[in-house]
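Student: Hi! Could we go through this one together? I have a few quick questions.

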Amino acid sequence: MIFSLAIYASPSSQSSHSAYHFACELLKQGHSLYRVFFYHDAVNIGSTLSAPPQDEANQTARWQALSQEYSLDLVVCIAAGLRRGILDAKEAERYDKPAYNLADTFELSGLGQLVDATVHSDRLITFGH
């Protein structure tokens, strides 16, 4: 079965952690993960600047490792990301910002990617609100 995930919750929330564990389990069971779409506060998972406490999981690093192992498509909503200071090199230049902070393996894109995920997946599972 082909799944896509839409994550809305902040990196430190239980919903965010549940999304990661759900993704790991479905991949272990042989299912496909078409896309993971980070929206609302979940866009912060795509930041290279997050530094969680040592006793908390680093959501950015976890998703990056999973993406590299399974060639996942990790998409950060561009509108929600820009609103929260998440920029790639192109957007930093466009808005004349001195730096960018989108983590490797993540990409900025629009809500059309979420619509595309629903079309190409058997199931879209959402985490958070």
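Student: Is Phe22 buried, exposed or partly exposed?

Tutor: This is a predicted model, so keep that in mind throughout. Phe22 is partly exposed, with a relative accessible area of 29%.

Student: OK, and which ring does Phe22 form an aromatic pair with?

Tutor: Its partner is Phe127, and the pair is tilted, with 5.7 Å centre to centre and 55° between the planes. Phe22 lies in helix H1 while Phe127 lies in strand E5, so this pair ties together parts that are 105 residues apart in sequence. Phe127 is buried, at a relative accessible area of 12%.

Student: How many aromatic pairs turn up in the whole structure?

Tutor: A search finds seven. Another of them is Phe38 with Phe106, also tilted, at 5.5 Å centre to centre and 55° between the planes. Phe38 is in strand E2 and Phe106 in strand E4, so here the parts tied together are 68 residues apart in sequence. Both Phe38 and Phe106 are buried.

Student: Which residues are in the ring cluster?

Tutor: Ring pairs link Tyr20, Phe38, Trp63 and Phe106.

Student: What else does Phe38 touch?

Tutor: Setting aside neighbours within four places in sequence, its contacts include Ile7, Val43, Ile45, Leu74 and Val76, besides Trp63 and Phe106.

Student: Switching to the core: how many residues does the largest nonpolar one have?

Tutor: It has 33 residues, and among those with the most contacts inside it are Leu33, Val36, Phe38, Trp63 and Phe106. E1, H1, E2, helix H2 (59-70), E3 and E4 each supply at least two of its residues. The largest share, six residues, comes from H1.

Student: What about Leu26, which helix is it in?

Tutor: Leu26 is in helix H1, residues 14-28. Leu26 is buried, with a relative accessible area of 5%. Beyond four places in sequence, Leu26 touches Phe3, His31, Ser32 and Leu33.

Student: Last topic, then. Which residues of H5 are buried?

Tutor: Gln113, Leu114 and Ala117. They cover an arc of only 100° around the axis, which puts them on the same side of H5. Gly112, Val115 and Val119 are exposed on the other side.

Student: And which strands do the buried ones pack against?

Tutor: Strands E1 (2-7), E2 (32-38), E3 (74-77), E4 (106-109) and E5 (123-127).

Conventions
Residues numbered from 1 in each chain as written. Predicted model: local features only at pLDDT ≥ 70, side-chain atom pairs only at ≥ 80, totals over all residues. Heavy atoms only, no water. Helix = DSSP H or I, 4+ residues; strand = E, 2+ residues; numbered from the N terminus. Buried < 20%, exposed > 50% of the residue type's maximum accessible area, 1.4 Å probe, protein only. Contact = heavy atoms within 4.5 Å. Arc of directions from axis to C-beta. Core = buried A, V, L, I, M, F, W, Y, C linked by side-chain atoms within 4.5 Å. Phe/Tyr/Trp six-rings, centres within 6.5 Å; stacked < 30°, edge-to-face > 60°.
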